[in-house]
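Here are my notes on the model you sent over. Have it open while you read.

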Amino acid sequence: MSDLNTELKQMIIDALDLEDIDTDDIEDDAPLFIEGLGLDSIDALEIGLALQQRYSIKLKADSEETKAHFASINALVKLVQPHQTNNV
């Protein structure tokens, strides 16, 4: 697990106030929505805001590309990596 994987897991936990979940509880390839963490569309908006604030990444809410980025932690890592060195 990379530092960015852990960082994104912690960002999700903090953004959604997931008090009973630790970064080790979130699998890198597991779906974040429905089956995995059980997140919903409101959670997606919160994660989108956190990504915008932390990495200056703006996503279109209704885009298929955005849905693909939110598929798992590994998918989010691929989205965030190019932005990480400029904004962290």
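1. First, the ground rules. This is a predicted model, so to speak: local features need pLDDT of at least 70, side-chain atom pairs count only at pLDDT 80 or more, and totals for chains, interfaces and linings use all residues. Numbering runs from 1 along each chain as its sequence is written, and side-chain values use heavy atoms, with hydrogens and water left out.

2. On confidence, the chain averages a pLDDT of 89 (the predictor's confidence in each residue, from 0 to 100), and 94% of the residues score at least 70. H1 has the highest mean, 96, and H4 the lowest, 85; helices are DSSP runs of H or I, at least four residues, numbered from the N terminus.

3. There is one aromatic pair. Phe33 and Phe70 are stacked, 6.1 Å centre to centre with 10 degrees between the planes (ring centres within 6.5 Å make a pair, and planes under 30 degrees apart count as stacked). Phe33 sits in the loop between H1 (3-16) and H2 (41-55) and Phe70 in the loop between H3 (64-69) and H4 (73-87), so the pair ties together parts 37 residues apart in sequence. Both Phe33 and Phe70 are buried (under 20% relative accessible area, 1.4 Å probe, protein chains only).

4. Phe70 turns up again at the largest pocket: with Ala44, Leu45, Ala61 and Thr66, Phe70 lies nearest its centre, among 20 lining residues. The volume is about 400 Å³. H2 gives the largest share of the lining, seven residues. For reference, a pocket is an open set of 1 Å grid points where a 1.4 Å probe fits, with protein on both sides within 12 Å along at least five of seven lines; lining residues have an atom within 4 Å of a point. Volume is the space filled by probe spheres set on the points.

Methods:
Rings of Phe, Tyr and Trp (its six-membered ring) pair if their centres lie within 6.5 Å; planes under 30 degrees apart count as stacked, over 60 as edge-to-face and the rest as tilted. Helices (H or I, at least four residues) and strands (E, at least two) are DSSP runs, numbered from the N terminus. Buried means under 20% relative accessible area, exposed over 50%, partly exposed in between (1.4 Å probe, protein chains only).
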